[in-house]
Amino acid sequence: MIEFDEHQRKLVLKLVYYGPALSGKTTNLLSLHDQFDRNGRGELMMLDTTEDRTIYFDLLPFFYEAPSGFKIKLKVFTVPGQVRHDATRKAVLQRADGVVFVADSRTSMMAMNGESFANLEQNLSLVGLAIDQLPLVVQFNKRDLAEVVAEEEIRKTWSEAGLPVVMASALQGRGVIETFRMAVELLFDSLDSKLQLREKYGVDRAAFLRAIMKT
Amino acid sequence: MNETTPNISFVIGEEKHLSQIISRSEIEPLLLSALATGIVRAALLDADGLPFCDIGNMRAPQMPERAAIRLPIRVEGEPQGTLLLELETPNPLFEAVAQVMQNALQLIVTNNLKRMLTTEVHTSVVQESYDQLVLTNRHLQESERRYRNLARDLEQKVEERTAELRQASKRLLQQEKLAAVGQLAAGMAHEINNPIGFIRSNLGSFSKYLNRFLEMLGLYRRLLDEESTTAAVRSRANQRWNELKMDFVLEDSAVLLGQSVDGADRIARIVAELKGFSYLGEMEKFETDLNLELEQLLASLADKFPPDMKLTTDLQPLPLYSCHAPLLAQAFGSIIDNGLKSRTSGLHLSVSSRLEPETIVITFVDNGCGIAEADLPRIFDPFFTTRPVGSGTGMGLAVAHEIISGAGGSIEVLSTVGTGTTCTVTLPIGDAHA
């Protein structure tokens, strides 16, 4: 949680898209930006990139104001996937409320996915977040490519870990919203149990989701 | 580096107000330029509607109403400020100018925000790298300290062990010395017992002989009183003389006494040589010309040289050497004596001395019988001798070894049976000659 100001009745949340290099994190955000109505969201801010590789982060903010006047701002970030930018990943991961892990479906990338996930686990613990209590959705991206690991196999592996898995092709816009919705729902539920958003601040889950995911 | 210095830390994504993103001076020129288009007031209002930067004239209450346009300025897509433009007389370009102004302002805000975010990440990363370096440095220092302690402990351990070893070696040396003394005592007992044995036995026989002498003397005295004629005295005396085998007794007495004297001499010789072995460390040292000592020694031994012996000397100049000269002379004498006894005829003995960087080297070479390989390790043992009993005490080289070791030197013997023996004495030149 970036900010929770009861006086100003404002909540600022952070959702981080994590994953190995070139798995399509920024593409996910671009697709969300394109598919959602601009009423619920801000502009996509892409900090300096080199040759399409994120070196700092991308940011796509979403806004919601409940009839009660309580405001929720959800900032969606991507991290740079390249191994060398670990410090940046750690900095972005600070105070995250939820994580979407974007994996590359290609057979050849399974080791990279594993390494990146291990890195996520490590960095979460370094910034003081418990991975088993953090809303976490796994997206297997690039389903449109050949030589991808079979969905059945992926589901078998990851469901054992108890994590929700979504198949996607961010480039074609498939599975992107589904992933986002799942992450936001988990995130909302986790916050609701902590803050009683509905009882205390009159924030309705369905209305919130509708508002920020207006297509 | 002081580690309590608070870190500059950012939470990526923290909310920012318009006033944190832009400064008045940044947007003033832009607002000012709007006045050139006929706009009378250009202002940027913050989220609460209060002017952050206000250029031109406020409308006074009595002044006519103005045309005004308000456009939002967003931060991360959220309206955080308002661009307010006022115009007295309507102008067809007003809206277009307003649009341009909004775009320009928005661009400044967005770019500033991007720069700030970039800086924040960058700072976080630098901070973390620095923290990592500090940590690494601390670990390195820690490990360096550990190794230093280890090295120090090791040194201490080595010292302790060295001391222990030195102690043990001292004890061992002591034991060896005791063993040597034991061996010496045993050898001595044997060497001395032997002559004492036969001296005692000889004296026993001689005392029986003495009784016969006394009897003969008594008989003569009595016969002189009893007999009136010399013939009668002679006859009776001769009869008893023969009965007592006095001819043999007289002869044997001489032999017995001669042997006893020899035995006593042998004991005296052994004792004399032992004096060298018991080492007289308290003796005073003198600056000695070893060449002179060698020459004198060889001259004093000249009467012992076999007639056909050939002696070669090659004595090179030596510095004065601080030593117990008589002892060294005794040692050299023992070595030369061995050489003299190594061959009955055709002996060639050569004695040479030379100076090496830190030592004086004296070499004795003979072309004698040589020493059997099996005997070599024992040549310095006290009482070890290969010569017939009585002709050598077996103390010569033992004493020589003791004397030369006592002077800090060493003695080395190379020998081939039938070819000869080379005996090399090496004496270190002490600090005084360094």
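Leaving aside neighbours within four places in sequence, Leu397(B) is in contact (heavy atoms within 4.5 Å) with Ile335(B), Asn338(B), Ile379(B) and Phe380(B) in this predicted model. Leu397(B) belongs to helix 8 of chain B, residues 396-406; helices (H or I, at least four residues) and strands (E, at least two) are DSSP runs, numbered from the N terminus. The relative accessible area of Leu397(B) is 14%, so the residue is classed as buried; this class means under 20%, whereas exposed means over 50% and partly exposed lies in between (1.4 Å probe, protein chains only). Between the C-alpha atoms of Leu397(B) and Phe383(B), which are 14 residues apart along the chain, the separation is 9.3 Å.

Residues are numbered from 1 along each chain as its sequence is written, and chains are lettered from A and ligands numbered from 1 in the order in which they are written. Because the model is predicted, local features need pLDDT of at least 70 and side-chain atom pairs count only at pLDDT 80 or more, while totals for chains, interfaces and linings use all residues; side-chain values use heavy atoms, with hydrogens and water left out.

Beyond its neighbours within four places in sequence, Phe57(A) is in contact with residues of both chains, including Met45(A), Phe77(A), Val92(A), Ile12(B), Leu117(B) and Val121(B). In soluble globular proteins, nonpolar side chains tend to be buried together.

At the interface, 20 residues of chain B are in contact with 25 residues of chain A. The two chains bury about 2000 Å² between them, 62% of it on carbon and sulfur atoms; buried area is the accessible area (1.4 Å probe) that two parts lose on being put together, summed over both. In chain B, the most area is lost to chain A by Ile12(B), Glu15(B) and Glu76(B), together 29% of what that side buries. Seven salt bridges (a side-chain nitrogen of Lys or Arg within 4 Å of a carboxyl oxygen of Asp or Glu) are found across the interface of chain B and chain A. A salt bridge joins the side chains of Lys90(A) and Glu128(B), at 2.2 Å from N to O. Helix 3 (residues 94-226) of chain B contributes 10 residues, the largest share of the side of chain B that touches chain A.
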